[in-house]
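Colleague: I have a few questions about this one before I go on. Could you go through it with me?

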Amino acid sequence: MALAPRSGDRGCVVTGGRAGEVAVLGAGMHPWGKWGRSFVTYGRIAAHAALADAGIGWPEVRSVVGAQTVRGGYPGYVAGATFARALGWQGARVASVYAACASGAQAIDTARAQILAGLADVVLVVGADAAPKGFFAPAGGERPDDPDWLRFRVLGATNPAYFGLYARRRMALYGDTPEDFALVKVKNSAAGALNEYARYRRPVTAEEVAASAMVADPLRLLDICATSDGAAALVLSSMEFARLHGARDPVRIRAVSTVTPTYPRAVLDLPDIGTDSAVAVNPSPESFRASIARTAYEEAGIGPEDLSLAEVYDLSTALELEWYEDIGLCRPGEGAKLLRSGATAPGGRVPVNASGGLASFGEAVPAQAIAQVCELTRQLRGRAGERQVPGARVGITANQGLFGHGSAVVAVR
């Protein structure tokens with residue numbers, strides 16, 4: 001698919017933008033790490049950074065959308081109001097969104113819908129988390145009707161076990177090797193070393209990955225992302241507001257995909273612990289994760305051939321390879337080959353996770369999909385420093401939240 005004309009193309013002066021687009025006026029983050037402070041503190045700092053980047057005063061914001069965190073008690077459940085209060089009540093409308101790891105994308109989509117509906121010209125989107133040490137566990141309590149609780153308690157299927165199963169599947173189907181997986185970590189750690197917001201800022205060698213502790217065979221400690229504190233925020237606006245604000249060629253969000261799976265699901269995807277019947281209905285020709293990206297491409301009017309870069313959800317090194325195929329950079333089973341060709345590395349055809357990815361950041365669940373868009377914003381502005389993808393014009397983010405939450409954002413300039 002051909003990319004539609006862009007505001008930066010020669011001979012083309014666009015002051016409004018394509019229907020359905022919203023402008024990214026500001027992007028801000030709090031560095032990832034283990035800081036021992038409240039998620040509210042992280043979110044407030046990221047929000048102030050995004051407002052400063054946009055040149056927007058807090059009183060001008062007419063809506064706040066907060067990506068929820070289940071670890072912040074009641075303030076985490078009402079994250080939109082929590083951040084509005086932390087910044088100072090000024091009458092803006094609020095919304096709070098939870099979609100597991102897709103919470104940030106759902107928050108962006110909610111903000112975009114408000115802008116396109118004419119409910120607000122300027123919306124602040126914030127996600128922040130203060131994650132526990134170690135790997136995530138289910139929320140407390142006894143809930144036998146909760147599939148996430150069941151997969152921990154009945155199957156003992158922790159997140160690393162889930163990642164390991166995906167890796168084993170790739171090895172069985174496509175012949176991927178632990179050495180292939182390690183190269184993902186090598187690539188992403190080199191990029192993260194250049195990112196001031198990353199938690200881990202040291203390049204890692206394949207030998208170091210191989211020497212790290214085995215966690216969920218075949219994945220080792222350095223194959224799996226950590227849990228982190230962190231925050232990210234965006235200031236989104238209507239194209240008309242952006243023009244009046246003096247932003248004639250802003251980064252624009254052109255599509256947000258938040259689709260759900262279709263029946264039947266032939267490939268198991270935790271927290272589900274059983275596939276549904278395929279007796280009466282033929283399986284879909286594409287996976288759920290592939291449908292997330294396809295929907296975003298269709299809405300944006302682009303295809304994978306138009307991409308300058310991508311930010312994908314590397315919960316594990318093996319899962320990044322899967323995303324290469326899901327977003328259409330290569331055919332199923334060719335992810336490792338694409339990686340080894342250098343196509344997804346800096347300077348390659350479509351650099352993937354130029355930010356350093358979760359390999360360098362770790363998971364701060366409500367913030368990570370927003371952080372992905374922050375990275376696209378810097379890249380499309382040409383302000384990513386040593387990590388800059390030359391001539392970046394189109395980017396996609398992709399991740400997935402448990403319980404069937406799709407997440408992909410297309411940004412253009």
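Colleague: Which residue in β8 is the bridge partner of V22?

Modeller: That partner is I253, and please keep in mind throughout that we are looking at a predicted model. Strand β1, which covers residues 22–33, pairs with β8 in the antiparallel sense, and the pairing runs over three bridges.

Colleague: Which strand does β8 pair with over five bridges?

Modeller: Strand β11, residues 405–412, pairs with β8 over those five bridges, again in the antiparallel sense.

Colleague: What does the side chain of R252 meet in a salt bridge?

Modeller: The side chain of R252 meets that of E21, with an N to O distance of 2.6 Å. Because R252 lies in strand β8 while E21 belongs to the segment before β1, the pair ties together parts that are 231 residues apart in sequence. Both R252 and E21 are buried.

Colleague: How many salt bridges are there in the whole structure?

Modeller: A search of the whole structure finds 23 salt bridges. Another one of them links E325 with R170, whose closest N and O atoms are 2.6 Å apart. Here E325 sits in helix α11 and R170 in helix α6, residues 159–174, so this pair ties together parts that are 155 residues apart in sequence.

Colleague: Are E325 and R170 buried or exposed?

Modeller: E325 is buried, with a relative accessible area of 11%, and R170 is buried too, at 2%.

Colleague: What about the salt bridge of E208, which residue is the partner there?

Modeller: E208 forms a salt bridge with R202, and the closest N and O atoms of that pair are 3.1 Å apart. E208 is partly exposed, with a relative accessible area of 29%, and R202 also counts as partly exposed, at 48% relative accessibility. Returning to R170 and E325, salt bridges that share partners join these two with D176 and E322 into one network.

Colleague: Changing topic, where does N353 lie?

Modeller: N353 lies in the loop between α12 and α13, the latter being residues 357–361, and N353 is buried, with a relative accessible area of 1%. Leaving aside neighbours within four places in sequence, N353 is in contact with several residues, including K187, N188, A191 and E320.

Colleague: And G328, which loop is that in?

Modeller: G328 is found in the loop between α11, residues 317–326, and α12, residues 335–341. At 37% relative accessibility, G328 counts as partly exposed. The C-alpha atoms of G328 and E305 are 8.4 Å apart in space, while the two residues are 23 apart in sequence.

Colleague: Now the surface: which residues make the nonpolar patch?

Modeller: The patch, of about 440 Å², is made by V70, Y74, Y77 and Y98. Y74 has its place in helix α2, residues 73–77, and is exposed, with a relative accessible area of 61%.

Colleague: Last one, what pLDDT does the chain average?

Modeller: The protein chain averages a pLDDT of 92, and 95% of the residues score at least 70. Over residues 1–16, however, the pLDDT is below 50, although this stretch has 36 contacts in the model beyond near neighbours in sequence. Where pLDDT is low, the predicted coordinates should not be read in detail.

Key: Residues numbered from 1 in each chain as written. Predicted model: local features only at pLDDT ≥ 70, side-chain atom pairs only at ≥ 80, totals over all residues. Heavy atoms only, no water. Patch = residues over 30% accessible without salt bridge, like charges linked within 9 Å, V, L, I, M, F, W, Y side chains within 5 Å. Areas by Shrake-Rupley, 256 points an atom, 1.4 Å probe, with all protein chains shown as cover. Salt bridge = Lys/Arg side-chain N within 4 Å of Asp/Glu carboxyl O. Helix = DSSP H or I, 4+ residues; strand = E, 2+ residues; numbered from the N terminus. Buried < 20%, exposed > 50% of the residue type's maximum accessible area, 1.4 Å probe, protein only. Pairing = 2+ DSSP bridges. pLDDT = per-residue confidence, 0-100. Contact = heavy atoms within 4.5 Å.
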